[in-house]
Amino acid sequence: MTQRSRWRCLCIAIAVLAAIGTTSEAKTFRWSNDGDPTTMDPHARSDGFVTSFDMNIYEPLIRRDRNLKLEPGLATEWTNINPTTWRIKLRQGVKFQDGTPLTVEDVIFSIQRARDAGADVTSQLAPVKEVKKIDDSTIDFITGGPVPILPNYLVSAAIMSKAWCEAHNTTSAAVHEGLENYATRNANGTGPFILKDRQPTVRTTLVKNPNWWGLKDQPIDIDEVVFTRIENAATRVAALLSGELDMVYNVPPQDIERIRNTQGMKIWQTPELRTIFLGMDQSRDELLESSVKGKNPFKDKRVREAFYQAIDEDAIKTKVMRGFAHPTGLMVGPGVNGYDPALDKRFPYDPAAAKKLLAEAGYPDGFQVGFDCPNDRYVNDEGICQAVVAMLARIGVKANLLAQTKAKYFGKINAPKFETSFYLLGWTPGPIDAQNMLQNLAATRTDTDGIYNNGGYSNPHLDELIKKIQVELDSEKRNELIGEALGIIKDDFVYVPLHQQMVVWASRDNVDLAPLGTNDFQLRYVSLK
Amino acid sequence: MLAFIIQRLLQSVLVMLAVAMIAFALFNFVGDPISNMVGQDTTLADRERLRQELGLNDSFVVQFARFVAHTARGDFGLSYQQARPVGQIILEKMPATLELSFVAALLALALGVPMGIYTGINRYSWVSQAMLAISLIGVSLPTFLIGILLILVFAVTLGWVPSFGRGTVVHIGWWTTGMLTLEGWRAIILPAITLSLFQLTFIMRLVRAEMIEVLRTDYIKFARARGLTSRAINFGHALKNTLVPVITITGLQLGSIIAFAVITETVFQWPGMGLMFIQAVTFADIPVMAAYLVLVGFFFVVINLVVDLLYYVVDPRLRIEREVAAGG
């Protein structure tokens, strides 16, 4: 080696070291998911992943901590000054990422924008009648009737800057005349991260907001976040194992063991708030897809009970879910307000009793029924359904499984068609309160209630209870009422609850984060060692 | 000649109309986009309003007519999933697919033709036998499996190349290219090999078969008898005559490379049109699917046209026939 080339080598080595030095100082967190946050507009889509992503940039008045408890966000306190008014104190000294200060007007504007046509978070704010400015730091939310869980609803309403929205002609989340809305790919929130670069469906880069109001209580450890969409599960896992990613959000169940056993990798898990259950058409006089003609076997409670007892949830948990499930006897999981561990006991698995019940109901030889199932919506959804088919066969019921992609599946079984006799569905109560499940899944179908009551169950006594729950401001009394309602659903075998699936994330072992039952991923809890 | 090209371009319009119509007939079966577009708490009234705005309640004929009318004005509509103009999305994705396809096609040609010639001339050497045996893998293993295996070996175990994406891209006007950065070249290696493997073995076997066929003909025997060097015989006379079918097939295969990059792009998360199409299918994003299918139809027509024109260049007989026909 000549003197000269030796010098050149040294220079290169120094340059490389310097480059490594700077990169290790600025901490970059790289993660991936199979889905993309399709829009940066926090009001445009109420999809769990999209909202969770956008809420790193934008913030609500009230947010949830790592135990899913409500905590002050842009509001510092909230009180019920009378049954139909919630008074909110706005945090002072907060600035948007473009430097403009946050005012009461921004809040009023944002709530209106979130309620307008074109926004998809409207239903959460439907009970709000008026938002009134009291002074520069006080806002009143006036509701139609008493709304005990308004703070829960406000968690999903991001606050945007009025001036910014007006300047960029995006005062509504709707799209006009085939033009892209400015807020779809641009953002200006108050949150801990700033949108730096957005390449839809490919890569989204965020950087730490150095002026975030929360920094003094909660320092943010990472300087830059690179999110990449990788749809293929095997590729996603490969990218994690090869060190190109720090964290994978949606981990395919078959790869969990492999990742766990790989040195330097870590599996995070927590029960998800979503309950997976089976539903039955209890409203039609004759089932759409069944060998029984002239009557509907599911109207007979004994048949529903037989179905319940024929299903071996423990086998589903160990065989299909590989242990990543929390078997449940309730339609809401632990962590949801109203959940009662005393009620969360499954009726025993007992095929003999189930067969006897069927015989009593007049079906000693069982019957045939169509069975609808998604195959790309929940963890191992099709596998669960196949197991159910096999278990029902033991009591003589032949379930004809139709497993299909969610776009087709939901179009068939959900409102307004309800074209199903027997189906599998999952439900997460958005506001993390049992009322949401009761109202959507158990209340008699109307324009606003029972939207996902695909079985068409109707019980006036239960409806009355739900009405009371909706307006009861005393939380102790309210939870008693919820317990009563959950008991009715359980004892009447309205549904066959199966389990809560697990939120499973994987990361390198130098990553610390907060896995949440909502499947929300909050970057402010991420740190790199 | 000009009349011929114009005639073929007019035919392409018909092809695209047919493709669009079949596509629209199929969209009835992809499911309900609305349930993907809204949250679970969205009211029925809001869902119905959205369905009405998107025109999903209209009949097949009305939806198809509207699509044709809009497309004729160059307006592909807004993507349901991304709420952005479809034309813009396709322009963003096209460079990735075209670069990948051309690198794969070049790779297939640059390796496939020499390998075909070699195995055609040296039929019984063990190298030829080995190449043929390995080429069976290329023909029989499914693309996604090859892709995953390559990722496992070269990205996860050896760590030489990235397992996904396009690396760093450079913007040149609306075109983005990965060909100007080292990262971009490293990223394209695995997907290009995966995509080209089938074509490579296909071209190799085709050239080999043609080569063997031609070497048996009388004029080659005559050339040998005259004492020409084997180099002159093999490359000057034999190879030239094997190329006519090779050009046709390769040209047509280029269309399939672009169209079937779907699987390779999905495995490597290559941000091209194929991946875009898969994303659109899972979301029931009708405007994107429709535009993509029409565009692929257009590609096929254009490639066929180019192949037909190349035929004239390579095969003098066709030119003579046409001149005779025109003269007579």
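Of the 529 residues in chain A, 57% count as buried. The model is a predicted one, and every value given here was computed from it.

**Chain A as a whole**

The secondary structure of chain A consists of 15 helices and 21 strands. Along the principal axes, the C-alpha atoms of this chain fill a box of roughly 95 × 70 × 45 Å. The radius of gyration of chain A is 26 Å, which agrees with the value near 24 Å that a compact globule of 529 residues would have. Contacts within the chain can also be sorted by separation in sequence: among those between residues at least 6 apart, 68% join residues at least 24 apart.

**The contact between chain A and chain B**

The size of an interface is often given as the accessible area lost when the parts come together. For chain A and chain B, the buried area is about 3700 Å², and carbon and sulfur atoms give 50% of this area. The contact draws 46 residues from chain A and 45 residues from chain B.

Between the two chains there is a count of one salt bridge. It is formed by Glu180(A) and Arg84(B), whose closest N and O atoms are 3.5 Å apart. The count of residue pairs in polar contact between chain A and chain B, with both residues at pLDDT 80 or more, is 12.

Several elements of chain A each supply at least two residues of the side that touches chain B: strand S12 (224-229), helix H6 (233-241), helix H12 (406-413) and helix H13 (434-442). The table divides the residues on that side of chain A by class.

| Class on the side of chain A that touches chain B | Number |
|---|---|
| Nonpolar | 17 residues |
| Polar | 18 residues |

Gln470(A) lies in helix H14 of chain A, which spans residues 460-471. Is this residue, Gln470(A), buried or exposed? Gln470(A) counts as buried because its relative accessible area is 18%, under the limit of 20%.

Once neighbours within four places in sequence are left aside, Gln470(A) is in contact with Pro146(A), Val147(A) and Pro148(A), as well as with Gln435(A), Gln439(A) and Asp449(A). With one of these residues, Gln439(A), there is a polar contact: the side chains of Gln470(A) and Gln439(A) meet at 3.3 Å.

How values were computed: Residues numbered from 1 in each chain as written. Chains lettered and ligands numbered in written order. Heavy atoms only, no water. Contact = heavy atoms within 4.5 Å. Buried area = accessible area lost by both parts, 1.4 Å probe. Salt bridge = Lys/Arg side-chain N within 4 Å of Asp/Glu carboxyl O. Polar contact = N/O pair within 3.5 Å; in protein donor to acceptor, adjacent residues only side chain to side chain. Helix = DSSP H or I, 4+ residues; strand = E, 2+ residues; numbered from the N terminus. Nonpolar A, V, L, I, M, F, W, Y, C, P; charged D, E, K, R; others polar. Buried < 20%, exposed > 50% of the residue type's maximum accessible area, 1.4 Å probe, protein only. Rg over C-alpha atoms; globule rule 2.2 N^0.38 Å.
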